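Here is a short report on selected elements of one model. Please have the sequence and the 3D view open.

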Amino acid sequence: MKKRLMLQVLAWVSLVLGVRAAEEIDIERLAGGVKTIPISLSGFTGEVESVLKFDLEICGFSVVAADKAQYWVSGSNGASLVGRVTDRVSKAQVLGQEYRGASPRTLAHTFADDIIEKLTGVKGIARTRIAFKGDFGKTSEIFVADYDGHGARAVTSDQSIVAAPNWGAGRKVLCFTSYMKDNPDVYVYYPASGERRILARYSGLNTSPAISPDGSKVALICSKDGSPDVYVCDMDGKNLRRVTRTKESESSPCWSPDGRTLCFSSQVGGRAALYKISAEGGEMRRVSTVGVGGNLTEPDWSPDGKWIIFTSQTGGFDLCIVPAQGGEAKVLVAGEDPSWAPNSRTVVFTRRVGGGKRVLSLLDVPTKRVKDIARISGSSSQPSWGR
Amino acid sequence: MKRIGLILPVALCIFALGMTGCKRTLKGPTPIPGQRAQVPRTGDEGFPPVGRGPVVPGGDDASRTTRIGANPDGTFSATGLEEFEGMLKDPAALANYTVYFDFDRFNVKASERSKVEAVAAQLKGDMANKLLIEGHCDSRGTEEYNRSLGERRAQSLREMLAHLGVGPERIRTLSYGEDKPAVQGENEEAWAKNRRGEFILLRPKPQ
């Protein structure tokens with residue numbers, strides 16, 4: 001009888017969550033419980049070798065000696081990059097490809113992406129880009145860079161304070177906050193044309209833009225009608241609607257991948273905690289984060305819809321993760337303001353390194369491996385991964 | 001450990017059926033000195049809340065150029081930025097009245113009230129002037145959280161000034177979060193000086 005009930009429950013779970021749910025919902029496994037895949041690297045030199053090592057190590061691989069490796073990654077780099085992947089046990093060649101026609105960095109990133117996709121079945125992230133805030137003390141500017149921090153360049157020259165960049169899907173549009181006109185206003189920037197427009201310039205606060213996954217709307221924080229609340233407007237700033245109505249502060253909205261729900265931080269219950277609300281408005285529902293305390297802010301919903309990563313502040317700052325529906329939450333590593341990569345496993349985040357300086361690092365969530373990325377001269381914070 | 005993947009969905013399922021049986025293993029937050037235990041309410045210390053119900057604060061109705069709403073929760077809708085355009089900033093005039101806040105709070109402490117009263121008196125003395133309130137935070141918070149907190153601090157000061165008879169439509173708030181510290185440093189002395197609301201007098205442009 002008990003067994004039958006159990007089976008029924010399991011069948012129901014499978015129906016609701018999908019057949020692989022039991023495996024995928026495993027937070028112990030996700031939050032650092034996954035072992036790296038051992039590979040060896042031979043034949044490459046200089047920048048190509050270091051790029052390959054970085055790209056593979058941040059996506060769940062460990063570079064080890066050939067006799068300990070599950071796969072041998074070998075090849076050469078000269079006028080072109082020749083890359084092979086061989087299964088050590090079966091000696092079968094899994095991948096063999098020649099790459100040419102781009103910089104050595106790009107060739108190496110492309111080979112790394114191919115390896116990752118072949119061996120894990122998930123599209124690589126080595127050729128994605130991030131946006132962030134570069135802070136130089138009195139002024140700050142919005143920067144974009146490769147995901148490993150290389151090739152950073154400023155996209156603003158406001159000589160003012162900027163904040164909270166956010167990429168739209170496909171990196172065709174970038175939203176951010178700038179104090180250029182003596183008020184925190186939200187701007188929309190189209191990198192292809194260089195066009196820049198004001199999205200929200202109301203009295204008080206306008207900040208924390210988050211572009212909806214379909215690119216049609218922006219969620220943001222405004223305070224024109226009272227305390228800072230979550231609002232949603234169209235990409236041209238029109239049809240601004242207030243979504244939350246609290247006396248307390250809200251901050252950092254993000255979208256569910258289906259574009260129906262917003263997750264954000266609110267102080268409505270005293271300490272800042274995570275809440276969800278329909279993008280159309282309605283009732284706020286608290287996201288249960290069992291096992292994690294402190295002020296909870298800066299949620300980011302994984303592109304596959306399964307997880308919400310966020311910052312908890314108890315004394316320092318920690319990155320934490322919880323299933324998107326709420327439940328048991330886990331502390332990952334020290335850091336703040338996480339943003340998911342398109343692969344739903346890597347995040348870029350901010351780390352404080354003393355003296356008021358902040359740097360950006362990458363975290364591979366399943367293996368908890370952290371890598372710093374290339375730095376600019378000032379402080380870097382508030383990264384947004386282009387997805 | 002291996003079984004947790006099985007247990008979690010089942011637990012979720014039970015939860016969904018309305019039979020909450022999850023064992024909670026709450027670790028509990030590390031206490032921070034000065035951390036508030038409950039929701040701070042503007043008005044708890046020093047002055048009663050403004051505008052609960054359909055109250056429009058009085059004072060200097062004559063200067064009211066834009067109708068602005070007193071919300072039932074005591075906050076105010078903001079006046080349009082255009083009402084402040086072209087005015088000249090005089091940061092020195094009210095520099096002595098910078099109000100300081102407790103860690104992670106936005107309520108105005110009773111000990112800071114006299115500064116707000118002095119600002120109210122100055123504003124009531126010259127109806128042509130307006131006011132910019134800048135809200136600031138220390139660096140012990142995440143950036144966007146602090147941007148919202150700074151705004152709420154500036155709004156608390158606006159609410160208090162409204163209660164003291166200054167038309168809130170004469171007041172503009174601007175939050176810098178933690179981006180414009182008064183002093184550098186990662187210690188309590190520096191943090192205390194950075195958690196602040198600054199009053200900047202706005203004078204009409206000479207004709």
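In which sense do strand 11 and strand 12 of chain A pair, and over how many bridges? Strand 11 (residues 185-190) of chain A pairs with strand 12 of chain A in the antiparallel sense, over 5 bridges.

## Basis

This is a predicted model: local features need pLDDT of at least 70, side-chain atom pairs count only at pLDDT 80 or more, and totals for chains, interfaces and linings use all residues. Residues are numbered from 1 along each chain as its sequence is written, while chains are lettered from A and ligands numbered from 1 in the order in which they are written.

## The sheet in chain A

Strands 9-10-11-12 of chain A, in that order, form an open sheet of 4 strands with antiparallel pairing. Its edge strands are strand 9 (162-167) and strand 12 (195-200) of chain A, and each pairs on one side only. Neighbouring strands of this sheet are turned by 25° against each other on average, direction ignored. Tyr190(A) stands opposite Glu195(A) in strand 12 of chain A.

Strands (E, at least two residues) and helices (H or I, at least four) are DSSP runs, numbered from the N terminus. Two strands pair if DSSP finds at least two bridges between them.

## Two helices in chain B

Helix 2 (residues 113-125) and helix 3 (residues 143-163) of chain B have axes that come within 10 Å and cross at roughly 60°. That makes helix 2 of chain B oblique to helix 3 of chain B. Axes are lines fitted to C-alpha atoms, for helices over the stretch in contact, and angles run from 0 to 180 degrees between N-to-C directions.

Val116(B), Val119(B) and Ala120(B) of helix 2 of chain B make the contact with Leu157(B), Met160(B) and Leu161(B) of helix 3 of chain B. Contact requires C-beta atoms, placed from the backbone, within 7 Å.

Methods: Parallel < 35°, antiparallel > 145°, perpendicular 65-115°, else oblique. Contact = placed C-beta atoms within 7 Å.
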